[in-house]
Amino acid sequence: MRVGMYYNNNRIEVEEIPVPKINKRDILVKVMASGICGSDILEWYRIKRAPLVLGHELAGEIVEIGEEVTKFKKGDRVFTTHHVPCDECHSCLRGHHTACNIFQTKNNFDPGGFSEYLRVSGKSVDTGTFLLPDEMSYEEGSFIEPLGTVVRGLRAIDLKPGDTLLILGCGIAGLLMIKVARALGAGRIVATDIEDYRLATAKKFGAERAIHADENILDTIREINNSRLADKVIVCAGVLSAAQKALEAVERGGTILFFAVPNPGELLTIDLNPFWRNDVSFKTCYGAAPIDNLQAMELIRSHNIDVKDMITHRFSLKDIAKGFKTASEGKNCLKVIIKPHNE
Ligand SMILES: [Zn+2]
Ligand SMILES: [Zn+2]
């Protein structure tokens, strides 16, 4: 079978490897749609394990099934995920499922989503694979995981109807934040980015103001929000300047969510005094647990969230390098989907 082997952002080769053999408790999935994630093009994060086959936002059809798997059958259309919590450790038992060491370190995919076929093993079969509703396409299914991370983030900050939001960074995560926040009844939303195309999209998806990150963000929020700052600030850009801006833009009693963080070693200097007095909370959020993915799936199925309008590019496996180039340049581009069985 063919795979897209990742060496670095500018070198992804189509290579031939054997179809993985499944064991008694595995399933083999024919990958039908596989999204390129922002983290896939985060070179420092990926390159240390290269060469490897990336791809963790996907949906497909089960074509082979281990004899001990009873939950699924051949021909089932599924969403599946490479990381699942162990449900047994201290973190899991206390509800912090994505802080689970197993979640963060054990990859149940072989080789990865940018491949014609994918073996899913272990607990990912039991708690990380869901039947796709009949009315949901494979492409929509590939959004379940990224949407799940956003659902988790908004739950972490206890988004309330009427909250004023500042979203720093309008890549897929920031744009999904806008859509879900709207669906959950958020009040005014101000969004920032450095790309005009993304800003226009943020506006289309429901941001009241979408402005360049260099503009006066604080004045813009105050202008539309009775001179107040943002109740919830969500950092969706992994740059120090965005984290810094979040500290300045949060209203008294508000919460900052670090959904994306600066590179390792880049330090944020904070005088904690104003936050201490003003009852400001800092939250972080990483990944999506099964509950988040289930909720995301239902948001898509029920049409509370449309994801189809975020797909700007589709490539077959042979053009995966073009897909990565398009995604990492980010020009006029939102979601890039690889379709391994298209020519
Ligand atoms: Zn992802
Ligand atoms: Zn655990």
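This tour moves through the structure from its domains to a helix pair, a nonpolar core and a few backbone details.

The model is a predicted one, in which local features need pLDDT of at least 70 and side-chain atom pairs count only at pLDDT 80 or more, while totals for chains, interfaces and linings use all residues. Residues are numbered from 1 along each chain as its sequence is written, and chains are lettered from A and ligands numbered from 1 in the order in which they are written.

**The two domains**

Begin by colouring residues 2-143 together with 307-339 as domain 1, and residues 150-284 as domain 2; these bounds come from an automatic or database domain assignment. The C-alpha centres of domain 1 and domain 2 are 29 Å apart. Where they meet, 7 residues of domain 1 are in contact with 8 residues of domain 2, a contact being a pair of residues whose C-beta atoms, placed from the backbone, lie within 7 Å. On the domain 1 side, the touching residues comprise 3 nonpolar, 3 polar and 1 charged, where Ala, Val, Leu, Ile, Met, Phe, Trp, Tyr, Cys and Pro count as nonpolar, Asp, Glu, Lys and Arg as charged, and the others, Gly among them, as polar.

**Helices α6 and α12**

Next, select residues 144-156, which form helix α6, and residues 290-301, which form helix α12; their axes come within 8 Å and cross at roughly 110°. Helices here are DSSP runs (H or I, at least four residues), as are strands (E, at least two), numbered from the N terminus, and the axes are lines fitted to C-alpha atoms, for helices over the stretch in contact, with angles running from 0 to 180 degrees between N-to-C directions.

Leaving aside residues up to four places away in sequence, valine 151 touches Val180, Asp292, Gln295 and Ala296.

**The nonpolar core**

Now show the largest nonpolar core, which has 94 residues, with Leu147, Ile167 and Met177 among those that have the most contacts inside it; such a core is a set of buried Ala, Val, Leu, Ile, Met, Phe, Trp, Tyr and Cys residues joined through C-beta atoms within 7 Å. Helix α7 (residues 172-183) gives the most to this core, with 8 residues. Both domain 1 and domain 2 give residues to the core, so it lies between them. Centre on methionine 177 to find that it touches Val150, Ile167, Ile234 and Cys236, residues up to four places away in sequence not being counted.

**Backbone details in loops**

Finally, go to proline 51, in the loop between α1 (43-46) and β4 (57-65), where a cis peptide bond with omega about 0° joins alanine 50 to proline 51. Aspartate 158, in the loop between α6 and β9 (165-168), has a positive phi near 55° though it is not glycine, and is exposed, with 11 other C-beta atoms within 10 Å.

Conventions:
Contact = placed C-beta atoms within 7 Å. Buried ≥ 20, exposed ≤ 12 C-beta atoms within 10 Å, placed from the backbone.
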